[in-house]
Amino acid sequence: LKMCRTMGATTVLNRRKLRIEERRQRVLDRTDGRGADLVIDAVGHPEVVREGIALTRRGGAYLSVGVGAPVGTVELDLYRDIELKNLRLQGVWVSHTRHTKQAMELILSDPERFGTLITHRFPLEEATDALRTVQARKAVKAILVPG
């Protein structure tokens, strides 16, 4: 959550400290009861999808970028969750090369701020430890550096 603030988020909600209804109410309070224009799911876990879609306003968009491998299924009510809300639902798994170029240009525009995403550095000899740290979700971004 601290990292989100560093990257520009003005409101963050800790799911470990706020119940689902409290999170919903905070979103509604911040949006004059409409819901979020855009919900970005970068978590990659099925349990967050229903909540994210519920927090998206009518005519809003839900973007899923956090799933890189099969993680399970989610049951949705096509009419209530998608059609009635006129929801745009977009998944992203592999980007076009122009997206990589855009991302690199963005990072290079402010390397100090984006450098804060790197939370762990490992020498090449500890690559296995780096992978374990990432798998255990102890790192935001881990990199390998010369030993």
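This is a predicted model: local features need pLDDT of at least 70, side-chain atom pairs count only at pLDDT 80 or more; totals for chains, interfaces and linings use all residues.
Local features are given where pLDDT is at least 70, side-chain atom pairs count only at pLDDT 80 or more, and totals for chains, interfaces and linings use all residues. Residues are numbered from 1 along each chain as its sequence is written, and side-chain values use heavy atoms, with hydrogens and water left out.

**View A. Pairing of strands β4 and β5.** Strand β4 (residues 118-123) runs parallel to strand β5 (residues 141-145), and five bridges join the two. Helices (H or I, at least four residues) and strands (E, at least two) are DSSP runs numbered from the N terminus; strands pair if DSSP finds at least two bridges between them. Opposite His120 stands Ala142 in β5. Between β4 and β5 the chain passes through helix α7 (residues 127-135), in a right-handed β-α-β crossover (clockwise from the first strand over the helix to the second, with the strands pointing away from the viewer).

View B. Thr133 lies in helix α7 and is buried, at 14% relative accessible area (buried is under 20%, exposed over 50%, partly exposed in between; 1.4 Å probe, protein chains only). Leaving aside residues up to four places away in sequence, Thr133 touches His120, Phe122, Lys138 and Ala139 (contact: heavy atoms within 4.5 Å).

**View C. The buried side of helix α2.** In helix α2 (residues 20-30), the buried residues are Arg23, Val27 and Leu28. Their arc around the axis is only 135°, so they sit on the same side of α2 (arc of the directions from the helix axis to the C-beta atoms). The cover over these buried residues includes β1 (36-41) and α3 (47-55).
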